[in-house]
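Subject: Handover of a structure and its findings

Dear colleague,

Please find the structure below, which I am handing over to you. My notes on it come directly after.

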Amino acid sequence: MDFNKITGQREVIENLKRSLSEDRVSHAYIFSGPQGIGKKTIARIFAGLLLCDDPHDGATCGRCRACLLIENGTNPDLISVNADGSSIGVDQIRAIQGDAVLRPMYSRRKVYIVEDAVKMTVQAQNCLLKTFEEPPSYVVVILLTTNYESLLETVRSRALHMQLRKYTRDQVMQALRARIGGSRHVLELIAGYADGNIGQALKLAESSEFSMLRDRLFDLLPGVSSGRTKDIFELTAFLEDNRDNIDVLLDIMLVYYRDLLAAKECGESMLINSDKKDIILNNARNCRSSRIIECIEAVGAVRGALRQHANYQLAVDWLLIKLQGQNKKG
Ligand SMILES: [Zn+2]
């Protein structure tokens, strides 16, 4: 595990490396940033460095007992806490506290990574405060969250905040090129979709259906905007048949509308789907910007609703109604 192999996030990484080299490690950290930005990867490397017997310049040795056990996922000094169902409750935090009184087995420290800390109940957070206030000397707790503000102020004020930022499009392309390769055009397109998020970019790149899904949506969306009944039915069926890929589909829709807006406001040089520029320019000409923005908001609202486990069919039907009749000049 090696910080030097991570693209970007230099500020956070330099901060963590410094705290290790100066032996000023905090008992509590909050890593915040969007889904897929690399919170877990960076937290795990940091944990590896805290536990390794012989780390060098941000890289673990890979040979000591602690390293080998982490590699196998069986190091008892590195504990991941995940949501038990939809939330992380007070019982799970009490379990951490029960475990934290036991000294580490192989290292100087013991690290707890709470994934999806955004799911901690208020009681769980209050309970965790006790550990933040009187931690055993060897304990380090790392909270990972997509929403820093959702944590209690009392929790935030006792932890060091490491804010992971979106990557530039070039950094996303660099990471994609290193891991999967591919032509420049494809990498550019995926990087455009991923909106500064390497995890998201890899997910799209690995989705073999991505280009098929995108082609089909670009066939249907213009007709839906004009209220063409046949296209509306076909899109309804298409979304039903591909419900396992709904995240990708909503991303494609979002970028489609984003491109319509970009074409209207800034011209064709700003398009992400530059290979589909004819479709986009054609449709942009017939749409009012305010209607395009309503479509973008509708897609975003459906994504939010589905994440909250809304009924799929109802959400999709509502979306289809919102996307229709968009084509009015202006
Ligand atoms: Zn090691």
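Predicted model: local features only at pLDDT ≥ 70, side-chain atom pairs only at ≥ 80, totals over all residues.

Residues are numbered from 1 along each chain as its sequence is written.

Domains. The protein is divided into domain 1 (3–163), domain 2 (168–206) and domain 3 (208–323); the bounds come from an automatic or database domain assignment. Between the C-alpha centres of domain 1 and domain 3 the distance is 39 Å.

Sheet. Helices (H or I, at least four residues) and strands (E, at least two) are DSSP runs, numbered from the N terminus. An open sheet is formed by 5 strands in the order 2-3-4-1-5, with parallel pairing; two strands pair if DSSP finds at least two bridges between them. Strand 2 (78–81) and strand 5 (160–163) are at the edges with a single partner strand each, so one side of each lacks a neighbour in the sheet. On average, neighbouring strands are turned by 20 degrees against each other, direction ignored. Strand 1 (residues 28–32) runs parallel to strand 5 and is joined to it by 4 bridges, and Phe31 stands opposite Met162 in strand 5. Helix 4 (residues 90–100) packs on the sheet and touches strand 2, strand 3 (110–114) and strand 4 (139–145). The direction of helix 4 makes about 170 degrees with that of strand 2. Axes are lines fitted to C-alpha atoms, for helices over the stretch in contact, and angles run from 0 to 180 degrees between N-to-C directions.

Helices 8 and 9. The axes of helix 8 (residues 184–194) and helix 9 (residues 198–206) come within 8 Å and cross at roughly 130 degrees. Helix 8 is therefore oblique to helix 9 (angles under 35 degrees count as roughly parallel, over 145 as roughly antiparallel, 65 to 115 as roughly perpendicular and the rest as oblique). Ile190, Ala191, Tyr193 and Ala194 of helix 8 meet Gln200, Ala201, Leu204 and Ala205 of helix 9, where contact requires C-beta atoms, placed from the backbone, within 7 Å.

Helices 10 and 11. Helix 10 (residues 210–225) and helix 11 (residues 229–241) pack at about 140 degrees, with axes 8 Å apart. Helix 10 is therefore oblique to helix 11. Arg216, Leu220, Gly223 and Val224 of helix 10 make the contact with Asp231, Ile232, Glu234, Leu235 and Phe238 of helix 11.

Yours sincerely

How values were computed. Contact = placed C-beta atoms within 7 Å.
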